[in-house]
Amino acid sequence: MNSFQAASPPLSAAVTQMFNTLESAAEQMMVHRDFQAAFDTCLSGLENLAGLEPEDSRCAELKAGFCILGIQALAELNQWRDVLCWVLQQYEQEKIPAKIMQMCILLYSKVGEPAVMQEVTRAWLHYPSNSRATSFGTVAELYLLHVLVPLGEADEARELVRGEVFSSAFTEEHRQTALDIIEEKERQNQDPPLNPRMSGSSDVTEHPVSSQGTLVHKLEAVIRFLYRKLLMIGSGSFPFRRIFLTAILLYMLFFRMDPALPSAFMWISKLLQLLKQMWNAMFAPYYQAVTQSKGL
């Protein structure tokens with residue numbers, strides 16, 4: 001415990017309040033489904049956050065958290081057209097965090113407007129400091145698959161794969177796979193199937209998508225379940241609340257934006273198991289102790 005405290009300096013009162021505000025926005029989003037209230041809370045949090053000392057590294061984490069929830073709230077309110085403009089009000093174009101770039105690319109791809117992200121992502125990928133970001137390669141891959149390829153920008157796609165951006169983030173084998181995808185998409189555009197019903201693709205995809213939808217509801221139920229149990233045990237423990245909040249932010253970032261991706265399907269299954277394990281290992285003993293003390 002002492003080593004943990006030494007590695008993680010205590011939160012100032014202002015930063016603790018910001019985490020509480022972020023938690024409130026997550027509660028409004030996931031528990032109460034009040035998306036407007038969640039967005040308003042994110043706006044308030046960002047305004048208050050601007051007045052904190054910028055040298056506190058946790059401010060960047062908080063800002064990203066407010067933006068992730070704010071993006072999802074706008075999407076749920078069917079105000080997705082405002083998302084990129086709103087993000088650019090919070091960050092300079094080249095300094096948008098990689099995880100928020102991923103969310104924006106997936107959002108505009110999902111609503112059929114990938115061109116919105118083309119110029120912004122191109123600039124972001126060529127900004128020198130971004131190449132050191134942990135998820136730089138993921139942004140590049142999403143830009144290729146969800147922006148350039150759908151738009152039929154084959155020349156720019158090949159230039160991206162053969163250029164410095166992909167060379168720094170991917171192996172030769174991965175780059176060749178990307179080129180194969182570009183060529184296959186070109187062939188499909190030039191020679192569309194005469195009778196789509198003959199392909200049988202709907203039969204292949206129908207069951208996985210249905211299964212993924214079932215897992216979405218299960219995960220949301222687990223998150224709400226954990227929240228209710230936190231209230232029942234009356235825990236004000238900051239680590240417990242951080243676990244709950246982290247689970248929500250991970251869910252928003254990696255799954256909510258694009259539930260049709262096979263990779264998302266595998267990830268959500270693992271997260272669902274993780275949340276159940278987290279409850280059994282950490283929360284069940286406290287809940288049992290409280291219920292026994294109350295004679296329940």
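What follows is a walk through this structure, from the overall fold down to single side chains.

Keep in mind that this is a predicted model, where local features need pLDDT of at least 70, side-chain atom pairs count only at pLDDT 80 or more, and totals for chains, interfaces and linings use all residues. Residues are numbered from 1 along each chain as its sequence is written, and side-chain values use heavy atoms, with hydrogens and water left out.

Let's start with the big picture. The protein has 14 helices and 0 strands; both kinds of element are DSSP runs numbered from the N terminus, with helices being H or I of at least four residues and strands E of at least two. Of its 296 residues, 42% are buried, where buried means under 20% relative accessible area, exposed over 50%, and partly exposed in between (1.4 Å probe, protein chains only). Now for contacts, meaning heavy atoms within 4.5 Å. Among the contacts with a separation of 6 or more, 71% are between residues 24 or more positions apart.

Next, the inside. In soluble globular proteins, nonpolar side chains tend to be buried together. Here, the largest nonpolar core has 65 residues, and I71, V87, I100, L125, L144 and F166 touch the most other members. Helix α4 (residues 58-76) gives the most to this core, with 11 residues. A nonpolar core, by the way, is a set of buried Ala, Val, Leu, Ile, Met, Phe, Trp, Tyr and Cys residues joined through side-chain atoms within 4.5 Å. Take V87: beyond its neighbours within four places in sequence, V87 contacts I71, I96, I100 and C104.

Helix α3 covers residues 35-49, 15 residues in total, and spans 21 Å from its first C-alpha to its last, close to the 21 Å expected at 1.5 Å a residue (the expected span is 1.5 Å times one less than the number of residues). Its buried residues include F35, F39, T41, G45 and L49, and their cover includes α2, α4 and α5 (83-90). T21 is itself buried, at a relative accessible area of 13%.

Finally, the charges. There are 6 salt bridges in the whole structure, each a side-chain nitrogen of Lys or Arg within 4 Å of a carboxyl oxygen of Asp or Glu. One of them joins R158 and E186, at 2.3 Å from N to O. R158 sits in helix α9 (residues 154-162) and E186 in helix α11 (residues 172-190), so this pair ties together parts that are 28 residues apart in sequence. R158 is buried at 17%, while E186 is partly exposed at 27%.

E172 pairs with R175, the closest N and O atoms being 2.5 Å apart, and R175 is buried at 16%. R187 and E184 meet at 2.6 Å, N to O, with R187 partly exposed at 48% and E184 partly exposed at 34%. As for networks, salt bridges that share partners join D155, R158 and E186 into one.
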